[in-house]
Amino acid sequence: MTAESGPDAASGDRSPAHEGFSFTPGTFLPDGLGRTGVIHTPHGDIRTPAFIAVGTKATVKAVLPESVAGVGAQAVLANAYHLFLQPGPDIVDEAGGLGAFMNWPGPTFTDSGGFQVMSLGVGFKKVLAMDATGLADDDVIAEGKNRLAHVDDDGVTFTSHLNGDRHRFTPEVSMGIQHQLGADVMFAFDECTTLLNTRGYQERSLARTQEWAVRCLAEHGRLTAERAHKPYQALFGVVQGAQYEDLRRQAARDLAGLEVDGHRFDGYGIGGALEKENLGTIVGWVCSELPVDRPRHLLGISEPDDFFAAIEAGADTFDCVMPSRVGRNAAIYTLDGRFNVNTAASRRDFRPLDPDCDCYTCAHYTRAYLHHLFKAKEMLAATLATIHNERFTVRLVDDIRASIEQGRFEEFRTQFLGRFYARARG
Ligand SMILES: [Zn+2]
C-alpha cells in the first residue's frame, strides 16, 4: 500500500496555521499498519520509524548535543513537568524555546507533564490501591505512602518533588507551559491510569481524558493565534484506554474525528501502562483507527523486541529512556545482548564495547577502560556508555526502517532478535 492508496490519505484539511508540520507516509508493511515516513517540522525532518532521544530536563544526561547528533538521533523529547518546576517555562521561552535554550537545532518534543504529575509516588510504582468494586476514587493509595497528586475532573493538584510546593495542572495550564517551551511537537494533557485501575475507573478516566482533549485543542488554537510570530507547534492527542480493546478503539476514533474551532490533532500519542506481551496488539488496535496521514508516537518503551512490535503495529516514533539510564549503570547493549561492563570479565578486555558498533566510544575506547571508569566512579563513564547505547538504539531503528523499505522486515526481526536474545535463552 502506498500513501496515495491508503485510507484517508491526504485528507487536506490543513489550515494555514499548520504550515510547517506534516507527515508523509512512505513504504508500508504488507498488513498496512507499520510504515516508514517523514515527519516535517519547522526545525527539520524526522525519518520514521524514529527513536526520539530523551532529554527530560533539556539535556540528554551526560552527553553534549553534538554527541546526540553524532549518534544519529533526529529529535529530543523533554518533559513539561520538570521544566515547569525548573527553570520555569518563561525562561525557556525568553531563550527562544527549548531547542535554542539547550543548543539542539533539530526537532524537539515535550510531553504534557501528566505522566510525571500523576505518577508522583503513586500509580506506576504500583502503590496505588484500587478496590475491586470499581467504586474507589483515584486518591486511594497504599498504606504508608504520601499522596502527592490528586486528580479531579478539572485537572491535577500536586506537590513538587523538589520543594514541596503545591501546584495545579489543567489542560489549559499544560498547553500554556508547552507553548512557552516551544517544542515542535506537544502532547495533550491526559490522565494516566495504571493496569491496577478497575474497568469502571478506566471508563471514567477515559471520558475525562477526552474532555481534556477538547479543552487542549481549544487552548492550543487560542495560543497558536496569539503567538502567530512563532514557528507552528504541532499538538498530538493522547489515546488512553488501558488494555481494553473497545475503550482503545473508541478513544482513537473520538480523537481522530475531533475538531475544535477548526483545529484537529496533528498526530497522536499512545499512552498508558502497557503490558509487554500486549504492546503490539494494543498499538495495532489504536493505529488501525487513526488517520493514515498523521504520525503516531508511542510514549515510553523499553527493550529492542518492543521496538519491532511497536513499529510493526504502526508506531512511527517512540521515546525510550533505557539506553541512557541503564548505560549510566554500566549496562551495555550489543548485537549479542546486554552485558554489564562493571563485572570482572571486562577488567582485562581490550576489545571495544561492541566490535560491530560504529560509535565514538567503540572507535576509541576499550571495555577495560570503561570498566575502570565505572569502578573509579568517573563521570566520563556515563558519557561514553550513553554515547554507545544511544547509537546502538538509533542504529537499530535505522536498520528496521531500511528493512521495511527493502521488504525484509520479518527476516531482519528474526535475525536480530535471534542473536540479541540468544544468550538469554542459553
Ligand atoms: Zn559503540
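Me: How do the residues lining the second largest cavity divide into nonpolar, polar and charged?
Reply: This is a predicted model. The lining includes A50, F51, G72 and R401. Sorted by type, the residues of the lining come out as two charged, two polar and five nonpolar.

Me: Which element gives the largest share of the lining of the second largest cavity?
Reply: Two elements, β4 (50–54) and α14 (379–405), each supply at least two residues. Among the lining residues are V394, V397, D398 and R401. The largest share is four residues, and the element behind it is α14.

Me: Is Y365 buried, partly exposed or exposed?
Reply: Y365 sits in the loop between α12 (360–364) and α13 (367–375). Buried means under 20% relative accessible area, and exposed means over 50%. Y365 has 22% relative accessibility, so it counts as partly exposed.

Me: How far apart in space are Y365 and P352, C-alpha to C-alpha?
Reply: P352 is among the residues that Y365 touches, leaving aside those up to four places away in sequence. The two are 13 residues apart in sequence. In space, C-alpha to C-alpha, they are 6.1 Å apart.

Me: With which side chain does the side chain of Y365 make a polar contact?
Reply: Not counting residues up to four places away in sequence, Y365 touches R351, P352, Y360, L370 and L384. The polar contact spans 3.4 Å, side chain to side chain. The partner of Y365 in it is Y360.

Conventions: Residues numbered from 1 in each chain as written. Predicted model: local features only at pLDDT ≥ 70, side-chain atom pairs only at ≥ 80, totals over all residues. Heavy atoms only, no water. 1 Å grid on protein atoms, 1.4 Å probe; cavity = no way out; pocket = protein on both sides within 12 Å on 5 of 7 lines; lining within 4 Å. Nonpolar A, V, L, I, M, F, W, Y, C, P; charged D, E, K, R; others polar. Buried < 20%, exposed > 50% of the residue type's maximum accessible area, 1.4 Å probe, protein only. Contact = heavy atoms within 4.5 Å. Polar contact = N/O pair within 3.5 Å; in protein donor to acceptor, adjacent residues only side chain to side chain.
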